[in-house]
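Okay, thanks everyone for coming.

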Amino acid sequence: EQTGQVGRSAGWRVETHMHLRSPALLQPLLPLRPLPPTCLRPSSPLKVVLLGEYGLTSSDVAPAQLNGWTKTYTKLVEVYGAENVIIAGDSAGGCLSLATLLNTSTSLPPPAGLALFSPWVDLRNSAVDTLSMKHCNPEDGALANYGTCDYLPVDGVTAVSYAYANSADREDKLISPSAATVEDLVPLGASTVGTDGEAYTMKCFLTWGTGEILQDQQEAMGAKLADAGIKVTTYAATDMPHDSAVVGACMIYNTGPGGDYSKFEPTKTWSLFFDWLQGIKGWEGAATPPNWLPAAPKPPAPPAPSKKGARRALSSPRPAANQRSLLPPKLRPNEGLSAPLIPVVPGTGYE
């Protein structure tokens, strides 16, 4: 109903995005509303981008959010076919995206693609015992090194995880996907035959910032996905804090700060995402906004044309007036061969 489609039509592709919200903050449509028109730019009218919502922890706790997204993914597969679906999520939405696929790994085929932006995939109590939690935590003075640390406080992240699920439930892979084993993830990378009769395998895009408190768990999740046989494209954005791609892109949309966007880590991340997206059937036309790409190099200036009749350069430089001349005396051109030699002044002329 949201896409205006009663049933699946040939050629339709759908990307559904689950936004952060921690899952306690913000509504998903606010930060991500600019992304479809400014970033995805579908190459045909057969592309659909869905920005979904799920309950906040103020009213819903686990597994309510997972159950809702499991129903959503089931409907997307029914309407479009899994081979035409891409699941994407950032922060807690990345956690929910991966948990949804783990929850349906034995009942539904995997999507064509899984995109995870700064996913928060480990809510267990032990998740705070990592180097990135220590070195990038603004509560421990890292904020003094602004630009190389996170804005997320460790205490704030743990408080939200406590509100979302109890300690025992947070040990489960459907709450903390980091708890999943390689064997749990293998079905997501298995070759699958789509409704069109063609085989496909799910591809994954995973990105994070090197200034995130969640960096260690994100990097470990990427390695585990790769160990499960899933083709994973990863990018670590230099010195970027949590969810910089989504937050930074919206800042550009709303404020237009200018400058060279190709050197701006958030837009660089999106460019890499579009390159990845082009490798999925039906999304070959995905493209980075032109003003986010490096500027074309300026052609070299043509050589200046020579002026007709220009004076030819001297074969040897003239000595300065205060320098001892090493040139022999010359005849005066207006006196002919009988002209006397130029007088020699000791210390200043030729001897």
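**Cores and the strands around S7**

So, this is a predicted model. Let's start with the packing: the largest nonpolar core has 30 residues, and Tyr 73, Leu 114 and Leu 185 are the ones with the most contacts inside it. Which elements give two or more residues to this core? On the strand side we have S2 (47–52), S3 (85–90), S4 (113–117) and S7 (203–209), and on the helix side H3 (64–80), H4 (92–103) and H8 (215–227). H3 gives the most, with five residues.

Now zoom in on Tyr 73. If you skip the neighbours within four places in sequence, Tyr 73 is in contact with Ala 82, Val 85, Ile 87, Thr 100, Leu 101 and Thr 104, then also Leu 108 and the run of Pro 109, Pro 110 and Pro 111. And apart from this core there's another one, of 21 residues, including Leu 96, Met 133, Val 154 and Leu 214.

Okay, on to S7. Six of its seven residues are buried, so the strand is largely enclosed by the rest of the structure. What does S7 pair with? One partner is S4, parallel, over five bridges, and there you'll find Ala 115 opposite Phe 205 of S7. Another is S8, residues 231–237, also running parallel to S7 and joined to it by seven bridges. If you want a pair to look at there, Leu 206 has Thr 234 in S8 as its bridge partner. To get from S7 to S8 the chain goes through H8, and that β-α-β crossover is right-handed.

Terms used:
Residues numbered from 1 in each chain as written. Predicted model: local features only at pLDDT ≥ 70, side-chain atom pairs only at ≥ 80, totals over all residues. Heavy atoms only, no water. Core = buried A, V, L, I, M, F, W, Y, C linked by side-chain atoms within 4.5 Å. Buried < 20%, exposed > 50% of the residue type's maximum accessible area, 1.4 Å probe, protein only. Helix = DSSP H or I, 4+ residues; strand = E, 2+ residues; numbered from the N terminus. Contact = heavy atoms within 4.5 Å. Pairing = 2+ DSSP bridges. Right-handed = clockwise from strand over helix to strand, strands pointing away.
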